[in-house]
Amino acid sequence: MNTRTRYISFRVNNIEKRAIAMAAKECGLSTSEFARRASLNMKVTLRFSPEELDVYNNLHTFHRNFTTISNLIKSDYFKKNDTILLELEEVIKRIKAHLGKFEQ
């Protein structure tokens, strides 16, 4: 294991210190780990609150269900209804865009 034995320090004002501490806490990291990852251009992601995670899971379920409905409408079981299909594809596209925001 590569132990960390070197120190780097930098000065910040009170507002910057609070902002860094809050951002680190939201990510579930210590301030030093947060600063290390940010300075090394490593991925620093926020953790989801339980409510946000629930919303993400619901969006994912909706996306899967609308895709299934869209595939069913495209099948031979239904006559192709372009209006419904276009609306479903728009809903799928919008949900996928919102899911992409969560994944960044």
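1. A salt bridge here is a side-chain nitrogen of Lys or Arg within 4 Å of a carboxyl oxygen of Asp or Glu. With that in hand, look at Arg37 and Glu33, whose side chains form such a bridge at 2.9 Å, N to O. Both residues sit in helix α2, four residues apart, about one turn of the helix.

2. A word on the source before going on. This is a predicted model, in which local features need pLDDT of at least 70 and side-chain atom pairs count only at pLDDT 80 or more, while totals for chains, interfaces and linings use all residues. Residues are numbered from 1 along each chain as its sequence is written, and side-chain values use heavy atoms, with hydrogens and water left out.

3. Helices (H or I, at least four residues) and strands (E, at least two) are DSSP runs, numbered from the N terminus.

4. Of the 104 residues, 14% count as buried. Buried means under 20% relative accessible area, exposed over 50%, and partly exposed in between (1.4 Å probe, protein chains only). The protein exposes about 9,300 Å², and carbon and sulfur atoms supply 55% of that area; the areas come from the Shrake-Rupley method with a 1.4 Å probe, and for residues only the protein chains shown count as cover.

5. Back to the bridges, of which the structure holds four. Glu33 is buried at 17% relative accessible area, whereas Arg37 is partly exposed at 26%. Glu33, Arg36 and Arg37 are linked in a network of salt bridges.

6. In helix α4 (residues 82-103), Lys93 and Glu90 are three residues apart, about one helical turn, and form a salt bridge with the closest N and O atoms 3.4 Å apart. Glu90 also pairs with Arg94, with a closest N to O distance of 2.8 Å. Lys93 is exposed at 54%, Arg94 is exposed at 54%, and Glu90 is partly exposed at 30%.

7. Do have a look at Ser70 in helix α3, which is buried at 4% relative accessibility. Leaving aside residues up to four places away in sequence, Ser70 touches Leu85, Leu88, Glu89 and Ile92, where contact means heavy atoms within 4.5 Å. Lys74, also in helix α3 (residues 50-74), is eleven residues from Leu85 in sequence and 7.8 Å away, C-alpha to C-alpha.

8. The largest pocket has a volume of about 630 Å³. Its lining has 16 residues, with Ile8, Phe10, Ser32, Ala35 and Arg36 nearest its centre. Helix α2 (31-39) is among the elements that each supply at least two lining residues, and its five residues are the largest share. A pocket is an open set of points on a 1 Å grid over the protein atoms alone, where a 1.4 Å probe fits, with protein on both sides within 12 Å along at least five of seven lines; lining residues have an atom within 4 Å of a point. Points are joined across faces, edges and corners, and a volume is the space filled by probe spheres set on them.

9. Finally, Ile8, Phe10 and Val12 make a nonpolar surface patch of about 350 Å². Patches are made of residues with over 30% relative accessible area and no salt bridge, with like charges joined within 9 Å and nonpolar side chains (Val, Leu, Ile, Met, Phe, Trp, Tyr) within 5 Å. Val12 is partly exposed at 36% and lies in the segment before α1 (14-27).
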